Amino acid sequence: MPEAVETMDGWYCLHDLRTIDWAKWKQATEQEREQATKELQSMLESWEEVAEAREGSHAFYSIMGQKADILLMILRPTMQELGEIELTFNKSKFAEFTKPSYSYVSVVELSKYMTKEGEVPEENPGVRARLKPKLPDWEHICFYPMDKRREGNDNWYMLPFDERRQLMYEHSFTGRKYAGQVKQIITGSMGFDDWEWSVTLFAKDVLQLKKIVYEMRFDVVSARYGEFGKFYVGNILPIEKIPAYLHV
Ligand code: VOV
């Protein structure tokens with residue numbers, strides 16, 4: 001009988017992607033634009049304080065292409081806090097100039113595929129830190145949702161545990177080659193959103209994002225069982241660069 005793997009779940013996560021209504025932004029008065037920009041900056045500054053207190057983490061990036069203009073990724077200990085942040089953002093002046101393009105609700109997830117006999121990973125400080133991760137301020141982000149296939153002979157959920165563990169081990173082996181180059185945050189979203197996981201990758205060199213996704217396509221777990229949603233890629237948008245980004 002296939003057996004579910006136990007998961008460890010950490011901070012709740014919201015990916016909020018928006019497009020900017022540039023025509024409306026240009027029509028606003030200089031004063032309105034300044035007010036909206038300052039409010040956005042102070043919102044981010046207040047989240048900065050939460051991050052410093054290690055009570056959450058966030059990332060703010062501009063997104064390439066037409067799928068979205070900005071991505072706000074927020075991590076918090078409870079879903080309620082995520083809700084409050086979403087509401088605050090929606091009520092802000094700046095939000096009046098944005099349109100929703102995509103959102104994703106999930107929770108930071110680590111599975112116990114790699115847990116050895118007698119180990120209690122919950123007691124491992126490294127594991128605990130990974131469940132409440134500090135998002136890196138690396139230049140580039142790549143975000144996409146994914147599923148494990150459930151089709152005919154290619155049904156991940158019908159595989160015996162040991163077979164899945166072996167495939168995840170091979171996956172982690174590929175991943176480890178990118179240590180220091182790519183940081184991954186895997187969040188689980190079964191019951192929360194339309195896909196099963198979200199993958200968020202951070203890199204200093206944008207090309208490493210392409211290379212890791214390409215190389216992993218050849219891991220059996222991705223080649224045979226991976227199904228992918230839309231990919232979003234972007235560049236970091238630090239608080240001090242927001243006025244220049246929004247300048248018209
Ligand atoms: C940046 C490198 C990297 C590394 C080191 C890494 C390692 C690991 C380990 C050790 C484990 C298992 C234990 C755990 O931690 O849960 C995982 C788990 C997972 N991964 Fe991964 N992954 C990486 C990177 C990485 C990428 C780039 C992708 C996207 C795949 C692709 O084809 O586009 C991915 C996906 C996942 C998923 C969806 C899961 C959960 C699957 C499940 O069935 O539960 N992952 N991953």
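This report walks through a predicted model, from its confidence scores to its iron site, its annotated residues and one of its helices.

## The model and its conventions

Because the model is predicted, local features need pLDDT of at least 70 and side-chain atom pairs count only at pLDDT 80 or more, while totals for chains, interfaces and linings use all residues. Residues are numbered from 1 along each chain as its sequence is written, and side-chain values use heavy atoms, with hydrogens and water left out.

The chain has an average pLDDT of 98, and 100% of the residues reach at least 70; pLDDT is the predictor's confidence in each residue, on a scale from 0 to 100. The scores for the model are ipTM 0.97 and pTM 0.98.

## The iron atom

His171 is the only protein donor of the ligand's iron atom, through NE2 at 2.0 Å. Donors here are N, O and S atoms within 2.8 Å of the metal (3.2 Å for Na, K and Ca), and water is not among the atoms, so sites may look incomplete. His171 sits in helix 5, residues 161-176. Helices (H or I, at least four residues) and strands (E, at least two) are DSSP runs numbered from the N terminus.

## Residues annotated in UniProt

His171 is also among the residues under the UniProt annotation "binding site", from an unreviewed entry, together with Arg130, Tyr144, Pro145, Met146, Asp147, Lys148, Gln184 and Ser222. These positions spread over 93 residues of sequence and are spread in space as well, with up to 22.7 Å between C-alpha atoms.

Tyr144 belongs to strand 5 and is buried, with a relative accessible area of 6%. Buried means under 20% relative accessible area, exposed over 50%, and partly exposed in between (1.4 Å probe, protein chains only). Beyond its neighbours within four places in sequence, Tyr144 has contacts that include Trp197, Val213, Phe228 and Phe231, where contact means heavy atoms within 4.5 Å.

Lys148 lies in strand 5 (residues 140-148) and is buried at 10%. With neighbours within four places in sequence set aside, the contacts of Lys148 include Trp156, Met168, Glu196 and Tyr225. Arg130, in helix 4 (residues 125-131), is partly exposed at 47%. Leaving out neighbours within four places in sequence, Arg130 contacts Val108, Leu110 and Gln184.

## Arg150 on strand 6

Arg150 is in strand 6, residues 150-151, and is exposed, with a relative accessible area of 56%. Not counting residues up to four places away in sequence, Arg150 touches Asn155, Tyr157 and Glu196. The side chains of Arg150 and Glu196 are joined by a polar contact of 3.3 Å. A polar contact is a pair of N or O atoms within 3.5 Å; within protein, one must be able to donate a hydrogen and the other to accept it, and residues adjacent in sequence count only if both atoms are side-chain atoms.

## Helix 2

The buried residues of helix 2 include Arg33, Leu40, Met43 and Trp47. Among the elements that cover the buried residues of helix 2 are helix 1 (22-27), strand 2 (57-63) and helix 3 (79-91). Just after helix 2, Arg54 adopts a positive phi of about 60 degrees.

Key
UniProt positions renumbered as here; feature names shortened; annotations may be inferred.
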